Amino acid sequence: MQLFPKIPLADWVDSIVDTLTDNLEPVFDSITSGIDWFVEGIVSILGFPPALVLIAIFTILAWWSSRWPIAVFTLLGLLLIDNLGYWDPTIQTLALVLTSVIISIILGVPLGIWASQSDRVRGVITPILDFMQTMPAFVYLIPAILFFGIGMVPGIIASVIFAMPPTIRLTNLGIRQVPEDLIEASNAFGSTTKQKLFKIQLPLATPTIMAGINQSIMLSLSMVVIASLVGAPGLGADVYRAVTQIKVGIGFEAGLAIVILAIMLDRISQNIGKTKN
């Protein structure tokens, strides 16, 4: 027996969602159209050249950023994906991940910079980031479906919410870890806040910021299968189909393609911005 009446939290949340759905439908429709157009554009660009040409481009990028072992892995891994017949789903998955990461960077880096310049902003944004990272990812799909319908868009929105916190946190951390003597020297030379940010803090914080972006990429990839539950295309849809039909072999093939894509993106993004020895 409860000592106090149950707080109608679920009813309050449903009421807020209904209000947003009723009053902001044109906004959600515009966001849906914009994201659809952007993803389809990436798919068209990546799908235009033959598979072997795109594999060669990724291999060169991997060699330039990460040396030859990762380049060899990229070459063999992508050739295996193409051989197994998962090239088109891989392109769709890559488009979804790139869209999620680009949105995370556009929103996350400025928020991280803002948090680094103000302790008050950091104090407000930190518990919000904790909430975003600890709430089960499936929960984000429920309002996303109501706002944006079935398809790739709710999956991308859920991926952005789930994947953006590392970019914000590590942008804030990287800027705050810039040596204080460099900040004092720039102040002594009369640098403005903008000059300090763009000429000292951001360049020195780039490796840490890139580490945050790398984590956002990995979290976006982890949402691939979950996003397939609401109609998002790609490798996640193949994995989900294999699970529902209990086809172990197909599930392993699609899962292996996700692993290859994840390792490739992880190594490339880790090493971009680092000086090649």
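Predicted model: local features only at pLDDT ≥ 70, side-chain atom pairs only at ≥ 80, totals over all residues.
1. **Overall make-up.** The protein chain has 12 helices and zero strands. The C-alpha trace spans about 65 × 65 × 40 Å along its principal axes.

2. **Burial and contact range.** The protein chain has 277 residues, and 42% of them are buried. Take the contacts with a separation of 6 or more: 77% of these join residues 24 or more positions apart.

3. **Helix α3.** This one deserves a check by eye. Helix α3 covers residues 51–84. A straight helix of 34 residues would span 50 Å at 1.5 Å a residue, yet the end C-alpha atoms of α3 are only 13 Å apart. Where is the kink in α3? It lies at Ser66, shortly before the proline Pro69, and amounts to about 145°. Just after α3 comes Gly85, with a positive phi of about 90°.

4. **Helix α4.** Here the span agrees with expectation. Helix α4 runs over residues 87–117, which is 31 residues. At 1.5 Å a residue these should span 45 Å, and the end C-alpha atoms are 44 Å apart. There is still a bend in α4, of about 25° at Ile105.

5. **Ser104.** Ser104 is in helix α4. Is Ser104 buried or exposed? Its relative accessible area is 0%, so Ser104 is buried. Beyond its neighbours within four places in sequence, Ser104 is in contact with Val109, Val160, Ala163, Met164 and Thr167.

6. **Ile125.** Ile125 belongs to helix α5, residues 119–134. Its relative accessibility is 12%, so Ile125 counts as buried; the cut-off for buried is under 20%. With neighbours within four places in sequence set aside, Ile125 is in contact with Leu111, Ala115 and Ile168. The C-alpha atoms of Ile125 and Leu96 are separated by 26 Å, the two residues being 29 apart along the chain.

7. **Val224.** Val224 sits in helix α10, which covers residues 224–228. At 9% relative accessibility, Val224 counts as buried. What does Val224 touch, not counting residues up to four places away in sequence? The list is Thr93, Val97, Leu235, Gly236 and Ile258. Leu235 is 11 residues from Val224 along the chain, and their C-alpha atoms are separated by 7.3 Å.

8. **The α9 and α12 pair.** Helix α9 covers residues 193–222, and helix α12 covers residues 248–271. Their axes come within 9 Å and cross at roughly 170°. Angles over 145 degrees count as roughly antiparallel. The two helices, α9 and α12, are therefore roughly antiparallel to each other.

9. **Residues at that contact.** From α9 come Met210, Asn214, Ile217, Met218 and Leu221. These meet Leu261, Ala262, Leu265, Asp266, Ser269 and Gln270 in α12. By class, the contact of α9 with α12 has seven nonpolar, three polar and one charged residues. The spacing of such positions recalls a general point. An α-helix has 3.6 residues a turn, so residues three or four places apart point the same way.

10. **Ala262.** Ala262 lies in helix α12. Ala262 counts as buried, at 16% relative accessibility. Not counting residues up to four places away in sequence, Ala262 touches Met218 and Leu221. Both of these partners are listed in α9.

11. **Ile246.** The last point is a backbone one. Ile246 is found in the loop between α11 (235–245) and α12. What is the phi of Ile246? Phi is near 55°, a positive value in a residue other than glycine. Ile246 is exposed, with a relative accessible area of 71%; the cut-off for exposed is over 50%.

Technical notes: Residues numbered from 1 in each chain as written. Heavy atoms only, no water. Axes fitted to C-alpha atoms, helices over the stretch in contact; angles between N-to-C directions. Helix = DSSP H or I, 4+ residues; strand = E, 2+ residues; numbered from the N terminus. Parallel < 35°, antiparallel > 145°, perpendicular 65-115°, else oblique. Contact = heavy atoms within 4.5 Å. Nonpolar A, V, L, I, M, F, W, Y, C, P; charged D, E, K, R; others polar. Buried < 20%, exposed > 50% of the residue type's maximum accessible area, 1.4 Å probe, protein only. Expected span 1.5 Å × (residues − 1). Bend = angle between axes of the 7 residues up to and from the residue.
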